[in-house]
Amino acid sequence: MYDGRTKLSQQVVSEVREHFGDRVFETVIPRTTKLAEAPSFGKPIMYYDAYSPATAAYELLAQELLKRIQV
């Protein structure tokens, strides 16, 4: 879970991308309160809050994954 407001998150993403290159997905999952709450309610984020930025990010990640495996 990425928090773009912190230098640590930005630095970690930068270092991971530098070390692993194109093996790292472009999509990052943002840290949100709803995402943290969802497991407590026994629901995936898509059912807990369909309009959360984290939900949108997971959908983008799924699309990115599908593009990579359809080579």
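Leaving aside neighbours within four places in sequence, Lys34 is in contact with Ile45, Tyr48, Asp49 and Ser52, where contact means heavy atoms within 4.5 Å. The structure is a predicted model, in which local features need pLDDT of at least 70 and side-chain atom pairs count only at pLDDT 80 or more, while totals for chains, interfaces and linings use all residues. Residues are numbered from 1 along each chain as its sequence is written, and side-chain values use heavy atoms, with hydrogens and water left out.

Lys34 lies in helix 2; helices here are DSSP runs of H or I with at least four residues, numbered from the N terminus. With a relative accessible area of 36%, Lys34 is partly exposed, a class that falls between buried (under 20% relative accessible area) and exposed (over 50%), as judged with a 1.4 Å probe on protein chains only. Lys34 and Ile45 are 11 residues apart along the chain, and their C-alpha atoms are separated by 7.3 Å.

Not counting residues up to four places away in sequence, Ile45 touches Lys34, Leu35, Ala38, Ala50, Ser52, Ala54, Thr55 and Tyr58. Ile45 also belongs to the largest nonpolar core, which has 6 residues, the others being Ile29, Leu35, Ala38, Ala54 and Ala57; such a core is a set of buried Ala, Val, Leu, Ile, Met, Phe, Trp, Tyr and Cys residues joined through side-chain atoms within 4.5 Å.

Helix 4 covers residues 53–69, and its 17 residues should span 24 Å at 1.5 Å a residue, which agrees with the 25 Å between its end C-alpha atoms; the expected span is 1.5 Å times one less than the number of residues. The buried residues of this helix are Ala54, Thr55, Ala57 and Glu64, and what covers them includes helix 2 (33–37) and helix 3 (45–48). At the start of helix 4, a side-chain oxygen of Ser52 reaches to within 3.1 Å of the backbone nitrogen of Ala54.

Thr32 is found in the loop between helix 1 (7–20) and helix 2, and at 17% relative accessibility this residue counts as buried. The side chain of Thr32 reaches the backbone nitrogen of Leu35 at 3.0 Å, and, not counting residues up to four places away in sequence, Thr32 touches Ser52 and Ala54.

The charged pairs come next. Side chains of opposite charge can pair when their charged atoms come close. A salt bridge is counted when a side-chain nitrogen of Lys or Arg is within 4 Å of a carboxyl oxygen of Asp or Glu, and by this rule the count comes to 3. In one of them Arg5 pairs with Asp3, the closest N and O atoms being 2.9 Å apart; Arg5 is exposed, with a relative accessible area of 74%, whereas Asp3 is buried, with a relative accessible area of 13%. Another joins the side chains of Arg17 and Glu26 at 3.9 Å, N to O; here Arg17 counts as partly exposed at 25% relative accessibility, and Glu26 is exposed, with a relative accessible area of 58%.

Arg68 and Glu64 also form a salt bridge, with their closest N and O atoms 3.6 Å apart. Both residues lie in helix 4, 4 residues apart, about one turn of the helix. Glu64 is buried, with a relative accessible area of 15%, whereas Arg68 counts as partly exposed at 32% relative accessibility.

How values were computed: Helix = DSSP H or I, 4+ residues; strand = E, 2+ residues; numbered from the N terminus. Polar contact = N/O pair within 3.5 Å; in protein donor to acceptor, adjacent residues only side chain to side chain.
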